[in-house]
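Please work through the exercises below with the sequence and the model side by side, trying each task before reading its solution.

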Amino acid sequence: MIWMLRSKAGRCALRGDIAAAADTLREQLIVVRTITESGELHGPRLDAARMRAKPTRDYLLAAAIRLPKVERELTYHWEHAAAMTFWYSSGDRGFAPAEKQAAALLATLPDGVDSGAAQESIDAFSNRTEQSVLSSALRGRTTALFAAPVVIDQNGLRDRIVDDHTRLKYQDVAVPDTASMLRAHREYFPWMAHALRRLSEPRTQAELEDIAQQWCSERGKYIGNTPDIVIDTPGAVTGSGTH
């Protein structure tokens with residue numbers, strides 16, 4: 001009903017704003033990907049690129065709520081695929097073809113997107129996401145055999161758990177009713193919330209290693225096995241912490 005009450009001029013303006021925001025966000029995410037591909041996985045340049053993309057993404061997701069269902073789903077699925085393709089240093093590059101196709105569809109929003117093509121794109125995203133969920137554990141086990149240990153501190157551990165939360169939230173938009181996602185809501189999301197509360201305060205080396213071990217075990221059920229994690233926190237407290 002809210003959508004139907006909007007004027008034609010208002011709908012055109014909204015679609016134009018979303019098309020422009022999607023185009024800007026795509027450019028910003030490509031910059032993020034270019035930096036990570038250069039081998040710079042941390043640092044001020046990467047942080048600045050991600051900070052530039054964040055308000056654009058926030059606006060896009062908030063504005064898309066007011067679109068009709070098919071256009072809204074297309075926008076959310078595209079944003080998820082763009083994150084997998086460009087944002088993460090080890091995302092699922094299999095989303096790239098569908099991401100490119102959906103980006104082209106979003107560019108036509110001001111003139112009216114082809115609803116049939118939009119639905120085909122949505123279906124392709126859903127199929128790709130489901131495949132990603134089913135195969136992630138196997139991919140993780142395979143790559144873990146050859147990956148070098150990753151040395152992280154408490155902030156690095158927290159950032160990785162936050163990334164898991166963000167990635168699964170994207171997945172929840174695409175395929176909310178899979179058995180894996182329903183189990184994640186019952187088990188993994190509460191575990192992540194508890195772990196992040198613990199990591200909001202300084203922890204001992206032993207506590208961080210315990211959280212990291214649990215994280216590796218839990219995320220393997222939903223995203224895939226992690227690389228070999230080594231906790232190195234010279235400034236960590238040495239006494240027993242509070243759980």
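Predicted model: local features only at pLDDT ≥ 70, side-chain atom pairs only at ≥ 80, totals over all residues.

**Exercise 1.** Determine whether threonine 75 is buried or exposed, and find which residues it contacts beyond its sequence neighbours.

*Solution.* Begin with the location, which is helix H3, spanning residues 69-87. Next, take the relative accessible area of threonine 75, which is 0%; because buried means under 20%, threonine 75 is buried. Finally, leaving aside neighbours within four places in sequence, list the contacts of threonine 75, namely Ile18, Leu60, Ala64, Leu67 and Leu106.

**Exercise 2.** Describe the salt bridge between arginine 26 and glutamate 99, and say where in the chain each partner lies.

*Solution.* The side chains of arginine 26 and glutamate 99 meet at 2.6 Å, taken from N to O. Arginine 26 belongs to helix H1 (residues 8-37) and glutamate 99 to helix H4 (residues 96-106), so that the pair links distant parts of the chain, 73 residues apart. As for accessibility, arginine 26 is partly exposed at 23%, whereas glutamate 99 is buried at 1%.

**Exercise 3.** Work out how lysine 69 and glutamate 73 are placed relative to each other in helix H3.

*Solution.* The two residues, lysine 69 and glutamate 73, are four residues apart in helix H3, which means that about one helical turn separates them. Their side chains form a salt bridge of 2.7 Å, N to O. Lysine 69 is exposed, with a relative accessible area of 51%, while glutamate 73, at 23%, is partly exposed.

Methods. Residues numbered from 1 in each chain as written. Heavy atoms only, no water. Buried < 20%, exposed > 50% of the residue type's maximum accessible area, 1.4 Å probe, protein only. Contact = heavy atoms within 4.5 Å. Salt bridge = Lys/Arg side-chain N within 4 Å of Asp/Glu carboxyl O.
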